[in-house]
Structures are given as structure tokens and as C-alpha cells.
Amino acid sequence: PTTLIQIPNPGNGEVSALASISGTANDSGSGVLWVRVAYYGETELNWWNPASGLWNLGGGASNPPDAAFVLASTTPAPVSWEVTGGSIPATMANTQFYRIFARGEDMVQNKTAFPGHAGVTTPPTQSSFIRIKKVGAAPTSSITTPAAGEPHFKPSGGNSLASIVGT
């Protein structure tokens, strides 16, 4: 089977929030049975262990062990898949790089081949094995005083602005 990770798909490979990971799978032979997803931490040099929540499976440039995979929810053909919530590591640290591999399995137990760590792509290039950078959410700010639509203020004299308030 072939798999494709479509979300996340940031243009620069940077992701601040990772609420879901989704994509498609296809098998022209027996059909897709399921899709499983595994996560690799480049700093940790290990695969994420969904049973413990630790980055302690495999090691170095290893292929993902079976214990590293979480089951994705799937829909019938054309097969869409998604992982959310506890199936995504909560321990992804800001400024660190992570790799996500989606492996499909068909009805006769053929599996999507792991392309090796050299086969990773960075979004917006889509594949079954992508690399993202976890970043913090961008700060937000707004001005509350003066309110939008109020007249322009002069630096002094009539109609002067005493303060600017915001968050």
C-alpha cells in the first residue's frame, strides 16, 4: 500500500500546534486494512513509545519498531486516515525536529516500506515520511484603547492621546 501524509502541511515545515495528522492510503490489490503512524525525535534519536509516552524505542537511524505505531482511524475507499489526541506525542518540545511515518497495511499483510531516514521529506512536499519543526505559538497582541474607529489623536493639545492600552 501507499500512504501520504497531507496534514500537517506547513509551507515552511514549522508546526506550532499538532491537533491532528491525516492523509490518504491506497492499495490497488487487496485493499487497505489499516494505517498506523510512528514518530521519531531527532534530538532523542529514538521513536516515540505510545505505551509509556517516552522517546525510547529503536535508536539511531533505526526503522520504527512495531511498538512505536499508533492506529489511525480510517474511512472506506478512497481511504482517508487520521490520528488525534493521545495518539500524538504531547512531549514534542519547541525548536526541535520530528519525523512522522505513516505505514499502511493491506488485507494480505503487505506494509508500506519505510523509506529510511534519508527518504524523509519536508512539507510542503508530501510523502509517507515527513519532517517538521515544532515551534511555539506566535505571540498575539491587540490595542484596546483607543478603540478602533476613534479619531486620530495629536501628540499634544486638544484631542491628545494620554495612553495606549492593549494586550
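Is L33 buried, exposed or partly exposed? I looked it up: L33 is partly exposed, with a relative accessible area of 35%, where buried means under 20%, exposed over 50% and partly exposed in between (1.4 Å probe, protein chains only).

Housekeeping before I go on. This is a predicted model, so I keep to local features with pLDDT of at least 70 and to side-chain atom pairs at pLDDT 80 or more, while totals for chains, interfaces and linings use all residues. Residues are numbered from 1 along each chain as its sequence is written, and side-chain values use heavy atoms, with hydrogens and water left out.

**Entry: the patch**

I placed L33 in strand β4; strands here are DSSP runs of E, at least two residues, numbered from the N terminus. Together with M107 and V108, L33 makes a nonpolar surface patch of about 270 Å². Such a patch takes residues with over 30% relative accessible area and no salt bridge, nonpolar side chains being joined within 5 Å. A salt bridge would be a side-chain nitrogen of Lys or Arg within 4 Å of a carboxyl oxygen of Asp or Glu. The areas are Shrake-Rupley, 1.4 Å probe.

**Entry: the cores**

Next I checked the nonpolar cores, meaning sets of buried Ala, Val, Leu, Ile, Met, Phe, Trp, Tyr and Cys residues joined through side-chain atoms within 4.5 Å. The largest has 23 residues, and I21, V37, Y39, W81, V83 and I100 touch the most other members. Two or more residues each come from β3 (20–26), β4 (32–41), β9 (79–84), β10 (97–106) and β11 (129–134). β4 gives the largest share, 4 residues. I also noted a second, separate core of 10 residues, including A68, F69, V120 and F129.

**Entry: the open sheet**

I traced 4 strands in an open sheet, order β1-β3-β9-β8, with antiparallel pairing; strands pair if DSSP finds at least two bridges between them. β1 (2–7) and β8 (73–74) are the edge strands, each pairing on one side only. β1 and β3 share 5 bridges, and T3 stands opposite A25 in β3.

Also in β3 is S22. S22 counts as buried because its relative accessibility is 14%. Leaving out residues up to four places away in sequence, S22 touches L4, I5, Q6, I7, W81 and E82, contact being heavy atoms within 4.5 Å.

**Entry: partners of β11**

β10 and β11 run antiparallel over 5 bridges, and I found Y98 bridged to I132 of β11. Strand β2 (residues 14–15) runs parallel to β11, joined by 2 bridges; there E14 has K133 as its bridge partner.

Methods: Patch = residues over 30% accessible without salt bridge, like charges linked within 9 Å, V, L, I, M, F, W, Y side chains within 5 Å.
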